[in-house]
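Here are my comments on the model, as numbered points. Please read them with the coordinates open.

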Amino acid sequence: MIGLGLPRGFVVTLKNFIRPPVTEQYPDRHVGLLGAAKEAGMNPFQFLVKKPADSLKAIAGLATVPVAVKQSPRFRGNEFTYFEDRCTACASCAKYCPLGIIEIVSVPGKIDAQEGESYKLEVFDIDIGRCMFCGLCVEACPYDALHMGTNFERSKYVRDELVITKEELFDAPKRPSAFYRPQFEEKGFDPFKETIEDFHDAGRHEQKTYDELKKKWVDER
Amino acid sequence: MNQAMLDNSLWRNIYCVLAGDSAQCASRDYSAGLLPGGLEWLAFLLAAAAIIGLVINGILGGVIVLIWGERRLFGRFQSRTGPNRWGPWGTLTSVADAVKTMFKEDLVPADADRILFNLAPILIAAPALLVFSVIPFGVGTYVADLNIGLLFIMAVTSLTTLAVLTAAWSSGNRIAILSALRSVALLISYEIPMALAVVGVIMLAGSMSLGDIIAAQGVPFILVQPLGFFVFFIAAMAEMARAPFDLTEAESELAAGYLNDYASMKFGLFFLAEFMAELSTSAIVTTLFLSGWRGFDPIPSQFWFIAKLIAVLFVIIWFRMTLPRLRVDQVLKFAWKGLFELTMINIIVTAILIAIWPQPTTGQLWMMAAINWPVAIISIWGVSKLLGTPAYDKPQPTAEAPTYPVASESIPAGSVLGAEKGGD
């Protein structure tokens, strides 16, 4: 019938009006009294009595609660995670980078009789300002020394600050992304809650025991 | 001070606090005045200034709240939260917007007629404010009760188009003039149904004074005059020139229409006038059809007025969020072929009913409502039948082969495409 489309349209908008909003608020979420009390871990009455100033703020609609954005563990973000102890300075990452923004300068280090020749890393700069986060450097790394990060808040006022230096990579918290690193997902590692302290944990394989090494290199020969 | 002004509590309270010892006020138990005797004229002027300031600032404050509320409601209608960052629940968002608008550069185009260009924002803001001078906000709370109040409103609201035309002409911009032409067409089309729709109300109340119209509404006129309300509401939405009737500033066709060349606070005044028009429209609808300030006793009448105002505003915003913009010819066709007939039916039916029951009581008003509702439903259905395009939304597939030439017929059989077709 002619004209039925209009009321149908009004019902559609009214349904949307009644539905709770789907907005994801970031970096903080505005809460009322109930939300603030829930965040503090007590019921509203306790909250009113124990924290009158905070509850007044919440009633006035000014209270905010910080929220974390829901992200995939495979998120390819800023702040590359780098394990110095795993790196052999082979410069595979620099070779595979399509934009050529990874700069590596390595010098011959000590020569160990058992471990062989090793190289010392002098410069390891990544120009994040030109990076497109394709992840090819991470795929190329043969020793799982370089991982994608999970952070995305790295806006700067000066362009030069966008270059991540070796020292910054050393000091940054180790929250590697699970991109191209299935071992993290197998272990159930959550980069948004925990960090990796020991470089052995970042590897693709378990470290071999002495017996296994002996079997491989001594017994089988 | 004449007697009519002393009956008005808004005037009386301010005037008599200033000049309490005059004879008029002493008889109404106002003893001490701030001003000495013999300065009644000064008290009168001060009272007038105070009332003007009170009403204008009240409306501007209402507009600030309305902008915030409208944006919040828009958000909720689209499953968003709306502005909620600046101030509690985002209430200070419109203040921040106003500050931002004021600090912008005030540009005037080189081709503009400078005097008219500067005059247009004032011209558009004034009529929306003038409407509130006759609206009763509560018992005895009004600026003036004109005996031709309704006529005054009709006259003043149509001034908006003059301002739009001035703005468009003085901008020296052809897109703006197109927008102004649309605005004039819209106004001429919708002023007639709007004026004819209130004829039923005037007949029922027997007066054009808004105070008398409210006094006559033992039953809210939305129940007695459903057809009149329907036509008036739609025509008033068109007069506001907002969605679905925002032809004058259609973003996708005319950029912003007559607003194209305005910047800074001049643009802000146009924006303000648009919201003031929304506020005044809902105030008029409340007064004419929702029985104004009338309500239950313990709650003050001003509260009832504001509650009904907010309800009408909600419906207007709901309309705006739901309906898309109409084409120019559709809008004009709707006014001339649809609403005009409806108002005529309404006037005839109401005139017959008034001839039967002159000066109707509440019971007779209910009888009129019982007669008017079927009339309204049948006539709206009939007019929609006349106006509607049959089976527009579900085109039926035709059984015969299409008459237009099909490309495959002209392809020779031996060609590559023809061979492919045969292979299927």
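1. B:Ser291 counts as buried, with 23 C-beta neighbours inside 10 Å; buried means that 20 or more other C-beta atoms lie within 10 Å of a residue's own, exposed that 12 or fewer do, and partly exposed in between, with C-beta atoms placed from the backbone. B:Ser291 is not a glycine, yet its phi is positive, about 60 degrees. The residue sits in the loop between α14 (264–289) and α15 of chain B; helices (H or I, at least four residues) and strands (E, at least two) are DSSP runs, numbered from the N terminus.

2. This is a predicted model, in which local features need pLDDT of at least 70 and side-chain atom pairs count only at pLDDT 80 or more, while totals for chains, interfaces and linings use all residues. Residues are numbered from 1 along each chain as its sequence is written, and chains are lettered from A and ligands numbered from 1 in the order in which they are written.

3. In chain A, A:Ala91 also has a positive phi, near 65 degrees, in a residue other than glycine. A:Ala91 belongs to the loop between β3 (77–82) and α5 (92–96) of chain A and is partly exposed, with 19 other C-beta atoms within 10 Å.

4. The peptide bond between A:Tyr26 and A:Pro27 is cis, with omega about 0 degrees. A:Pro27 is in the loop between α1 (5–18) and β1 (28–30) of chain A.

5. At the interface, 17 residues of chain B are in contact with 15 residues of chain A (C-beta atoms, placed from the backbone, within 7 Å). On the chain B side, α4 (40–77), α15 (301–322) and α17 (362–387) give two or more residues.

Key:
Two residues are in contact if their C-beta atoms, placed from the backbone, lie within 7 Å.
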